[in-house]
Amino acid sequence: MVFQVNLLIYLYMAICICLLLFNLVYFARDFFKRKRDPEMVRKYMNKLCEMLETSGVEKISQKEEKFWTRKLSKSSGLILFQQAVEELEAKGKQEDIEKWVRNNRDLFYKLSSAYMKKRGMEKALMAYIIEQHHLCGPGARDPFALQMEWLVSDHSIYCRENALYALYAGGQPEHVIKAYHILTRMRIEHSSKMVTDGLLSFQGDRELLAEELWKNWTHYSTYYKICFVNFFRMISGNFTERLFVTSDFRRLYQYQIWIKFIGMFYKKISIFL
């Protein structure tokens with residue numbers, strides 16, 4: 001019995017020592033990372049400035065492409081690169097950076113293809129980068145748009161939201177239409193507020209987008225129709241009469257009334273819970 005008690009004490013001490021060592025290593029790693037990150041951002045800024053001065057905004061060489069592929073293949077490197085880009089844009093180089101990114105779409109497409117095979121948060125990060133640099137271009141077969149249309153069906157709300165915003169930033173109504181077809185077909189109900197806010201952030205012709213949504217009205221679920229009605233209401237008054245004559249307008253109205261009623265009922269009973 002004494003042997004067993006001593007064994008438990010030694011085991012407990014060993015666990016405490018392991019936890020202490022783990023915390024020390026974690027804090028040391030975090031400390032050096034905080035010191036290293038600003039330095040890496042400066043290096044990326046210098047590298048980008050050097051390239052812009054020597055070769056301008058033209059397509060980079062294979063050697064430079066290999067360098068950036070190696071550096072940006074990890075999410076930590078991609079985050080630091082984006083920080084460097086944002087600092088350069090704040091210094092007045094936004095136009096040059098945008099041209100450089102557009103001329104090197106192949107590099108970012110290779111990176112995006114690799115990130116689409118990774119975990120959810122890394123895919124969401126890549127979608128954010130695509131949004132920030134407006135990489136989704138025109139045409140039904142645009143490679144970035146196809147990737148984002150695929151990503152909207154992901155189970156992660158972060159992936160879906162960032163993918164939708166990448167499509168909104170592209171300013172092409174056809175891509176947004178296709179994305180909501182996919183969401184309806186997959187029976188995925190994205191946050192209604194996020195849907196309406198996202199549509200309002202569309203960086204193309206919003207009235208043209210509204211018209212395209214209206215043309216495809218019968219293909220969407222009631223859930224998304226309500227989101228689209230809110231979008232129509234905020235950008236134009238041209239859809240009021242059209243909505244009144246639709247056979248499902250009464251159903252949409254009743255649906256909204258029930259949602260509000262359930263919300264009010266839940267708030268009241270939550271007081272007593």
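In the predicted model, Arg160 is buried but forms no salt bridge. The nearest side chain of opposite charge belongs to Asp154 and is 6.4 Å away. Arg160 is placed in helix H7. Its side chain does make a polar contact, at 3.3 Å, with the side chain of His190. When residues up to four places away in sequence are not counted, Arg160 touches Leu151, Val152, Asp154, His155, Leu183, Ile188 and His190.

Leu151, one of the residues touched by Arg160, belongs to helix H6, which spans residues 143–151. The buried residues in H6 are Phe144, Ala145, Gln147, Met148, Glu149 and Leu151. Among the elements covering them are helices H4 (105–115), H5 (120–132), H7 (157–170) and H8 (173–185). At the start of H6, the backbone nitrogen of Phe144 has a side-chain oxygen of Asp142 within 3.3 Å.

Met148, which is buried in H6, is also part of the largest nonpolar core. Nonpolar side chains tend to be buried together in soluble globular proteins. The largest core here has 70 residues, and those with the most contacts inside it are Trp68, Trp100, Met148, Tyr180, Leu199 and Phe228. Helix H3 (residues 75–103) gives the most to this core, contributing nine residues. With neighbours within four places in sequence left aside, Met148 is in contact with Met116, Ala127, Ile130, Cys136, Ala163, Ala166 and Leu167.

Most residues other than glycine have a negative phi. His134 is not a glycine, yet its phi is positive, at about 50°. This residue lies in the loop between H5 and H6. Arg187 is found in the loop between H8 and helix H9 (192–200). With a relative accessibility of 78%, Arg187 counts as exposed, since the limit for that class is over 50%.

Technical notes. Residues numbered from 1 in each chain as written. Predicted model: local features only at pLDDT ≥ 70, side-chain atom pairs only at ≥ 80, totals over all residues. Heavy atoms only, no water. Buried < 20%, exposed > 50% of the residue type's maximum accessible area, 1.4 Å probe, protein only. Helix = DSSP H or I, 4+ residues; strand = E, 2+ residues; numbered from the N terminus. Contact = heavy atoms within 4.5 Å. Polar contact = N/O pair within 3.5 Å; in protein donor to acceptor, adjacent residues only side chain to side chain. Lys, Arg positive; Asp, Glu negative; His and termini not counted. Salt bridge = Lys/Arg side-chain N within 4 Å of Asp/Glu carboxyl O. Core = buried A, V, L, I, M, F, W, Y, C linked by side-chain atoms within 4.5 Å.
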